[in-house]
Amino acid sequence: MGLMSRALWHVNRSPLRYAVKSGVSAWHLGEKRERRRQAQLLSVSAAERSKAEELNRNGYAIVTELMDPAVQQQFATAGMTRLGDIENAEAKQSSNWKKFWVRLLDVEMKDGKLSADNIFVQYALQPAVINVVATALGEIPWLDYVLLSYSRHTGDELASSQLWHRDHDDVRVIKLFSYLTDVEEDGDGPFTFLPRQSTDKFGFPLLGSHFPDDRVFDKVPRGDIKVMKAPRLASFMVDTAKCLHMGSRMAPGHGRLLYTATFFAFPRMYPGAKNRPFFATPEMPVLQKLILGL
């Protein structure tokens, strides 16, 4: 991490992040206005608006019932296909810094990019997903990346995202999570988090970014945690900048296949990822191009 990147990472963990976000946004005022205008044109249902309000109020919302069944079925089949080719995916993944993860989509990228018609991109572009995120943010969101990850037991000490943390990429980081395997036991590594109000009790410690359980529960009651145990195809959104969270604490013999789509309010605040991880397809809708930054 460079000096500038490190400085901004620390800024993002302080109240100054809102001022920096406003300043960065001022350089892109025209596109910000267009994204807000386009959001006003969306046909948002009462159920979608309610989920957006929950997301803003509590930092999370369960959205399983909003997923398109046809897209969901394609998504489920594709997930199992990728899982069946895990050895090839592991050999070709672009990053292995999380030893307990295998990234299953890296193998099908071309020059580090996924096609916009890839089912795992299209899953994030479902109208209901965009309607909820756009309503929560007040503008058409920026889809930063999609990820299909398989978590497994390694026997190593807990590290990285297995410890409690917030995401500091931006002032708000809205993630859509969908399970592609059943996550119904503690050993399945359920995504676990503290709602926004409980996270506020913990605050922003001056030192450290990833914390063990005892450090968190010195300030927050254990009863506040939300443990997302659910069957395959359960979907939920979490603002991971506002909610302390952790996961992938796998027991021996257990595995978890998880899909993640990460959304920001444009422009992306944190440096890096200058090259979009998607490429356009013929006759791609204008709204999708805006979401993917193409």
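Student: Why is arginine 82 called buried?
Tutor: Buried means under 20% relative accessible area, exposed over 50%, partly exposed in between (1.4 Å probe, protein chains only). Arginine 82 has 19%, so under that rule the label is buried. This is a predicted model, where local features need pLDDT of at least 70, side-chain atom pairs count only at pLDDT 80 or more, and totals for chains, interfaces and linings use all residues. Side-chain values use heavy atoms, without hydrogens and water, and residues are numbered from 1 along each chain as its sequence is written.

Student: What makes glutamate 108 and arginine 82 a salt bridge?
Tutor: The rule asks for a side-chain nitrogen of Lys or Arg within 4 Å of a carboxyl oxygen of Asp or Glu. Here the closest N and O atoms are 2.9 Å apart, so the pair qualifies. The two residues are 26 apart in the chain. Glutamate 108 lies in the loop between strand E2 (101–103) and strand E3 (114–115), arginine 82 in helix H5 (residues 69–84). Helices (H or I, at least four residues) and strands (E, at least two) are DSSP runs, numbered from the N terminus.

Student: What is the label for glutamate 108?
Tutor: Partly exposed, at 27% relative accessibility.

Student: How do you know that aspartate 144 and arginine 276 form a salt bridge?
Tutor: Their closest N and O atoms are 3.9 Å apart, so the pair meets the cut-off. The pair links distant parts of the chain, 132 residues apart. Aspartate 144 sits in strand E4 (residues 142–152). Aspartate 144 is buried at 5%, and arginine 276 is buried at 8%.

Student: What separates glutamate 31 and arginine 35?
Tutor: About one helical turn, because they are four residues apart in helix H3 (residues 29–40). Glutamate 31 is partly exposed at 30%, whereas arginine 35 is buried at 0%.

Student: How many salt bridges does the rule give?
Tutor: The count comes to 16.

Student: What makes a set of residues a nonpolar core?
Tutor: The members are buried Ala, Val, Leu, Ile, Met, Phe, Trp, Tyr and Cys residues, joined through side-chain atoms within 4.5 Å. The largest core has 54 residues. Among those with the most contacts inside it are Phe120, Met237 and Phe263. Helix H8 (residues 127–137) gives the largest share, eight residues. A second, separate core of 13 residues includes Tyr60 and Met228.
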